[in-house]
Amino acid sequence: PVDTRHWIGGERIASAATSATASASTATSAATATFTDHSPIDGTPLAEIARGGADEARAAVGAARDAFPGWAATPPGERARLLHAVADGVEARIEDLAVVETADNGALLRSHRRGVMPRVVHNLRHFADRLLALAHDDFETRGHTNHVSWDPAGPAVLITPWNAPLMLASWKIAPALAAGNTVVLKPAEWTPLTASLFADIAHEAGLPAGVLNVVQGYGAEVGEALVADPDVRRISFTGSVPTARRIAATAGAHLVPCSFELGGKSPLLVFADADPQLAADLAVEQFDNAGQVCLAATRILVEESVRDVFLGHVLDRVAKLTQGDPRDEATDVGPNIHPRHVERVDGFVRRALDAGAKAVTGGGRNTELTERGGNYYLPTLLTDVAQDSEIVQEEVFGPVLTLQTFPDGDEDEAVRLANDTRFGLAATLATGDRERAARVGARLVAGTVWVNCFFVRDLSAPFGGSRASGIGREGGDWSFDFYCDLKNTVTAP
Ligand code: NAD
């Protein structure tokens, strides 16, 4: 069981305005209702979730504002100790968190157990340790001492999506709290559960009241109210481009700095000198999490002469993928998040097929699994797509890849195609030639370039997107840069 009320100022809040226990029949106005959270695995209702509005947003930001002076003044060593205690609490409950997250967002249970939840622990520990190693070097100018300090900015609003709910939340919570800020987290309405569990874990670990607050609800309701609150000093958002635009407009009015991790349409460039097995593995990896990965290399660009061999290897592998219940160890591809999302994914594919694309595999829902109530879309690979078509230019966020070719030996054309979208999140290269990798990688517009690998991420590295894929970088000291107001104190000799 998960307590799905808001967590504000160290208390579970079923305020007069919002009651998680209110029956659906009382769901008459936005701020007085609950909403039902369903599992993408089979449509089962999982929980009634508190549906926050302006009152809860105000209360949560108020709690964060009141707790801020005390938390900011807490010595770094003590903040780091508490973050490690929260990490210990998460580590002790990896199994619970993994099971709940899989029920809620449909990603593979084995990934949650062995990869994602351990990563949450790692996020917390990394930023706790990093806080203690932040550079505080003094330097001199004409006998005067410059002392640079990392002052926490104040209450931070963190808004996260549904594709990796707790992992992405902890990637923001850890540096924000380490730096001495207080936090209001709003998880996505389709995946509210692990954020609530995390609030319990943080409380049990001894995090003071008001330092971490969690409000539940819809983006257009409590999300907008949080962003508009005048006491907020930072907004960190991971999600879609249209939402980022709305948040930026509101934050702009208050001059509040925003960090945006947004969508992508990243390329996988396969050169003729690549290891064909590795290149095919990299392509099929893009179906992980049913394609709901911002970094996914969904546009395959392959050198003409190896196209057929490469495609053959890819199709062999796709034929061996098992789609099904994400709780089964044998499953490789689970469901997509929501029936509405599958509808959207299918719309992209239908329009592409209407425009002349060919589905060499997939191309529609998995009818058998869909009949059992889940949101399953077949791993899909489309050929015969035009560079300026919607399917090549827009993020689908489902298990849908496109395949295009570039002329043999024409690196310029490969780079041109790779860079020719409005995004710039990541790029993956498969090549046996390191010099080519360096040459091509340097010309790609992307926050991360992977050479003969994918999804290898060190938390010390900068992470983020260029162009419409985001603003700013998280990771390493870049996270502290964002959550702090750096101050230079100059002292005369
Ligand atoms: P979304 O923008 O619809 O929602 C994200 C979050 O924003 C949710 O919590 C939602 O409730 C909230 N929100 C919605 N409208 C809001 C508003 N007006 N004001 C404040 N908050 C609001 O995105 P999504 O569909 O949940 O997530 C998928 C998107 O996220 C994809 O584009 C994907 O690429 C992107 N993503 C990016 C990264 C990255 O690191 N770059 C990681 C994961 C996902």
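Student: Where is the place of Ala-290?

Tutor: First, a word on the source: this is a predicted model, in which local features need pLDDT of at least 70 and side-chain atom pairs count only at pLDDT 80 or more, while totals for chains, interfaces and linings use all residues. Residues are numbered from 1 along each chain as its sequence is written. Helices (H or I, at least four residues) and strands (E, at least two) are DSSP runs, numbered from the N terminus. Ala-290 belongs to the loop between α9 (276-285) and β13 (299-303). Its phi is near 50 degrees, a positive value in a residue other than glycine.

Student: Is Ala-290 buried or exposed?

Tutor: A residue is buried if 20 or more other C-beta atoms lie within 10 Å of its own, exposed if 12 or fewer, and partly exposed in between, with C-beta atoms placed from the backbone. Ala-290 is buried, because 30 other C-beta atoms lie within 10 Å.

Student: Which residues of α9 are buried?

Tutor: They are Ala-279, Ala-280, Leu-282, Ala-283 and Val-284. As a general idea, an α-helix has 3.6 residues a turn, so residues three or four places apart point the same way. For packing, two residues are in contact if their C-beta atoms, placed from the backbone, lie within 7 Å. The buried residues of α9 pack against β12 (267-270), β13, α10 (307-320), β16 and β17.

Student: In what order do the seven strands of the open sheet stand?

Tutor: Two strands pair if DSSP finds at least two bridges between them. The order here is β14-β15-β16-β13-β12-β17-β18, and the pairing is mixed. β14 (358-361) and β18 (448-451) stand at the edges with a single partner strand each, so one side of each has no neighbour in the sheet. From one strand to the next, the twist averages 25 degrees. Such angles run from 0 to 180 degrees between N-to-C directions, and axes are lines fitted to C-alpha atoms, for helices over the stretch in contact.

Student: How many bridges join the paired strands β15 and β16?

Tutor: Three bridges join β15 to β16, and the two run parallel; Thr-380 stands opposite Val-400 in β16. β13 and β16 also pair in the parallel sense, over five bridges, and Leu-301 has Gln-404 of β16 as its bridge partner.

Student: Why is β16 described as largely enclosed by the rest of the structure?

Tutor: β16 is so described because five of its seven residues are buried. Helix α11 (residues 339-354) lies across β14, β15 (380-383) and β16 (400-406), at about 35 degrees to β16.

Student: How many residues does the largest nonpolar core have?

Tutor: A nonpolar core is a set of buried Ala, Val, Leu, Ile, Met, Phe, Trp, Tyr and Cys residues joined through C-beta atoms within 7 Å. The largest has 146 residues, and Leu-83, Val-183, Leu-269 and Val-270 have the most contacts inside it. Helix α5 (residues 165-178) gives the largest share of this core, ten residues. Leaving aside neighbours within four places in sequence, the contacts of Leu-269 include Leu-301, Ala-414 and Leu-429.

Student: Which residues come nearest to the ligand?

Tutor: A residue is near a molecule or strand if its C-beta atom, placed from the backbone, lies within 6 Å of it. Of the 31 residues around the ligand, Pro-161, Gly-219, Gly-223, Gly-239 and Thr-243 come nearest. The elements that give two or more residues to this shell are α7 (219-228) and α8 (241-254), and α7 gives the most, with five residues.
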